[in-house]
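Here is a short report on charged pairs and metal sites. Keep the structure open as you read.

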Amino acid sequence: MMTLVIQTVVMLVLSGGMARGDVQTDVENLRSAVVVNQLIMQQQSQVIQTLLNKFLDQESDCPYPYKMVMGECFYVSEVERVWEEARTFCQGMRGDLASPNSVYVLLAYVHDVSDEYAFWLGATDQQAEGVWQWLDGRPITDWGRGQPDNANGEEHCIHLGNKYVLNDNECTKLRRFVCEYVG
Ligand SMILES: [Ca+2]
Ligand SMILES: [Ca+2]
């Protein structure tokens with residue numbers, strides 16, 4: 001746009017011999033072009049500001065230290081705990097062990113932030129053997145092949161993993177875990 005303005009000014013200077021009426025028309029055209037340009041710039045700046053605000057809002061939707069992952073707030077622990085203590089840890093952070101909407105999205109995320117592959121998540125069949133659902137009440141659909149197998153009759157807690165995606169395992173094992181913010 002600046003190039004157009006400069007070109008027009010140069011044309012005005014070069015057209016010194018033009019009739020006064022023509023010069024006036026050119027000046028008016030130039031003024032209109034500048035005004036239109038200003039309006040476009042203003043509009044673009046508003047659009048950028050709106051997008052920026054939206055992005056910042058999304059980022060801040062999860063309270064520290066949770067991170068937004070496709071609309072859910074997760075925290076990947078550094079420490080290892082048995083399942084029950086991991087749950088207490090998460091509840092102490094106004095959360096619970098994670099009930100992810102997509103275990104594959106969560107798997108991708110934990111691989112981004114950690115070399116570890118096995119993390120306790122939010123489901124257990126300690127109350128009724130073989131009856132599984134996420135802590136938020138949804139059914140579990142992504143068990144690894146042949147899981148849950150309740151191996152040795154002692155596997156009652158769910159974990160995320162590379163080999164099985166989801167597997168039931170002994171709740172007394174020390175594992176890192178994923179919390180989900182529940183507010
Ligand atoms: Ca079991
Ligand atoms: Ca198992």
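## Salt bridges

R87 and D96 join their side chains in a salt bridge, 2.8 Å from N to O. The model is predicted. D96 is buried, with a relative accessible area of 14%. R87 has 22% relative accessibility and counts as partly exposed. Side chains of opposite charge can pair when their charged atoms come close.

The structure holds three salt bridges. One of them links R176 and E78, at 4.0 Å from N to O. R176 lies in strand β7, and E78 in the loop between β2 and α3, so the pair ties together parts that are 98 residues apart in sequence. R176 is buried at 12% relative accessibility. E78 is exposed, at 59% relative accessible area. D136 also forms a salt bridge with R138, their closest N and O atoms being 3.1 Å apart. D136 is partly exposed at 45%, and R138 is partly exposed at 27%.

## Calcium ion, ligand 1

This calcium ion is coordinated by atoms of D125, E129, N150, E155 and H156, at 2.3 to 2.8 Å. D125 and H156 are both in the loop between β4 and β5, 31 residues apart. D125 is buried, with 2% relative accessibility.

## Calcium ion, ligand 2

The protein donors here come from Q147, D149, E155, N167 and D168. They lie 2.2 to 2.5 Å from the calcium ion. D168 gives both an O and an OD atom. The angles among the six donor atoms run from 68 to 147 degrees, and the site is irregular. Q147 is buried at 12% relative accessible area, whereas D149 is partly exposed at 39%.

Definitions and conventions
Residues are numbered from 1 along each chain as its sequence is written. Chains are lettered from A and ligands numbered from 1 in the order in which they are written. This is a predicted model: local features need pLDDT of at least 70, side-chain atom pairs count only at pLDDT 80 or more; totals for chains, interfaces and linings use all residues. Side-chain values use heavy atoms; hydrogens and water are left out. Donors are N, O and S atoms within 2.8 Å of the metal (3.2 Å for Na, K and Ca); water is not among the atoms, so sites may look incomplete. Four donors count as tetrahedral if all angles lie between 85 and 135 degrees; four count as square planar and six as octahedral if opposite donors are over 155 degrees apart and all others between 65 and 115; anything else is irregular. Buried means under 20% relative accessible area, exposed over 50%, partly exposed in between (1.4 Å probe, protein chains only). Helices (H or I, at least four residues) and strands (E, at least two) are DSSP runs, numbered from the N terminus.
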